[in-house]
Amino acid sequence: QQNTKVNLHNGIKMPIIGFGVYKVEAGTETVDSVKEAIKAGYRLIDTAAIYQNESGVGQAIRESKVPREELFITSKVWNDDQGYDSTLKAFDESLKRLDLDYLDLYLIHWPVAGKYSDTWRAMEKLYKDGKVRAIGVSNFHVHHLENLLKDAAEIPVINQIELHPRLNQEQVRNFCRNQSIAVEAWAPLGKGKLLDQPELIKIADKHQKTAAQVILRWHLQNDVIVIPKSVNPSRIRENIDLFDFTLSLKEMKQINALNSNERFGTNPDKYESPQ
Ligand code: NAD
């Protein structure tokens, strides 16, 4: 059950739970934690060029000895590389650092105004050329998606957005559902800052699970893909141990009620003005 998958609209399957490596130090910390995650059963790894740890992710993949086709590797094009030619180049560089022949998913990291449509053309080319199995976006508001869809040949398979009980992103999630775009939560644990909420602890105690597991389970029951990050082996294991309990409708509603539209990260509209 750890490897429960979701169907993306282009027909490929993606694990519903993955391992995020933002702020994991390049080198040993990345290699060790990604290997630990793979050992614990994670098959989806979420990195990005800007995290500067793609080489370590690649090394962990090789050393894990898990067949490449069992893994699902995501990376993202950074803002400075947006535009058609530069995206194609950035993709090749990511692939080289990861030492892979193909990626499973490549994302536009942020909607940089005036650039992301050209970037998307390059993503479509990479997809058509078979270099990546699926293409998507990250941090897109509804208006960015509407704009992209106006002249896109391919609909993004996914929108990876900041999403946790304090920021439930209802509007974006509804839009994505209607377009068959899967939603993936970054900072699914609210960067670890929500774990002392009494409501969550109460629910966790009832199920003999942790507050982190309750939040991650809430995401899964909302059909949201999660990529929690930790470099602590026992937490890495804890964050994928989600399949022996179910939240009741009442508990789901209690967690929904924690929404306060509060972001821990940047508002994507920051990239609206040319930089
Ligand atoms: P997160 O919500 O996953 O929180 C991570 C922090 O929570 C950890 O540093 C740790 O302190 C704590 N934590 C994790 N598991 C715990 C547990 N079981 N018990 C107690 N504390 C625990 O936040 P994140 O790392 O920012 O997001 C996850 C991933 O999302 C990133 O690693 C990255 O891959 C991706 N991400 C993407 C974007 C984007 O713009 N697309 C932005 C930020 C992060």
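1. In this predicted model, helix α2 (residues 54–64) and helix α3 (residues 84–98) have axes that come within 7 Å and cross at roughly 45°, and the two helices are therefore oblique to each other. On the α2 side the contact is made by Glu-54, Ser-55, Val-57 and Gly-58, and on the α3 side by Ser-94, Arg-97 and Leu-98. Sorted by class, this contact of α2 with α3 comprises 2 nonpolar, 3 polar and 2 charged residues.

2. The buried residues of α2 are Glu-54, Gly-56, Val-57, Gly-58, Ala-60 and Ile-61, and what covers them includes α3 together with α1 (28–40), β4 (44–46) and β5 (72–77). Just after α2, the backbone at Lys-65 takes a positive phi of about 65°.

3. The largest nonpolar core has 80 residues, and those with the most contacts inside it are Phe-19, Val-34, Tyr-106, Leu-126 and Ile-215. Helix α8 (residues 211–221) gives the most to this core, contributing 6 residues. If neighbours within four places in sequence are left aside, Phe-19 is in contact with Val-34, Ala-37, Tyr-42, Leu-44, Ile-45, Asp-46 and Ile-227.

4. A ligand is present in the model, and 25 residues surround the ligand, the closest being Gly-20, Tyr-22, Leu-189, Gly-192 and Lys-229. By class, the shell around the ligand is made up of 10 nonpolar, 10 polar and 5 charged residues.

5. Leaving aside neighbours within four places in sequence, Asn-239 is in contact with Ala-212, Leu-216, Pro-228 and Ser-230. The C-alpha atoms of Asn-239 and Gly-18 are separated by 9.4 Å, although these two residues are 221 residues apart along the chain.

6. Lys-128 lies in helix α4 (residues 116–128), and the reason that Lys-128 is classed as exposed is that it has 12 other C-beta atoms within 10 Å, the class being assigned at 12 or fewer. Lys-128 and Glu-154 are 26 residues apart in sequence, and their C-alpha atoms are 9.8 Å apart in space.

Methods. Residues are numbered from 1 along each chain as its sequence is written. This is a predicted model: local features need pLDDT of at least 70, side-chain atom pairs count only at pLDDT 80 or more; totals for chains, interfaces and linings use all residues. A residue is near a molecule or strand if its C-beta atom, placed from the backbone, lies within 6 Å of it. Ala, Val, Leu, Ile, Met, Phe, Trp, Tyr, Cys and Pro count as nonpolar, Asp, Glu, Lys and Arg as charged, and the others, Gly among them, as polar. Axes are lines fitted to C-alpha atoms, for helices over the stretch in contact, and angles run from 0 to 180 degrees between N-to-C directions. Helices (H or I, at least four residues) and strands (E, at least two) are DSSP runs, numbered from the N terminus. Angles under 35 degrees count as roughly parallel, over 145 as roughly antiparallel, 65 to 115 as roughly perpendicular and the rest as oblique. Two residues are in contact if their C-beta atoms, placed from the backbone, lie within 7 Å. A nonpolar core is a set of buried Ala, Val, Leu, Ile, Met, Phe, Trp, Tyr and Cys residues joined through C-beta atoms within 7 Å. A residue is buried if 20 or more other C-beta atoms lie within 10 Å of its own, exposed if 12 or fewer, and partly exposed in between; C-beta atoms are placed from the backbone.
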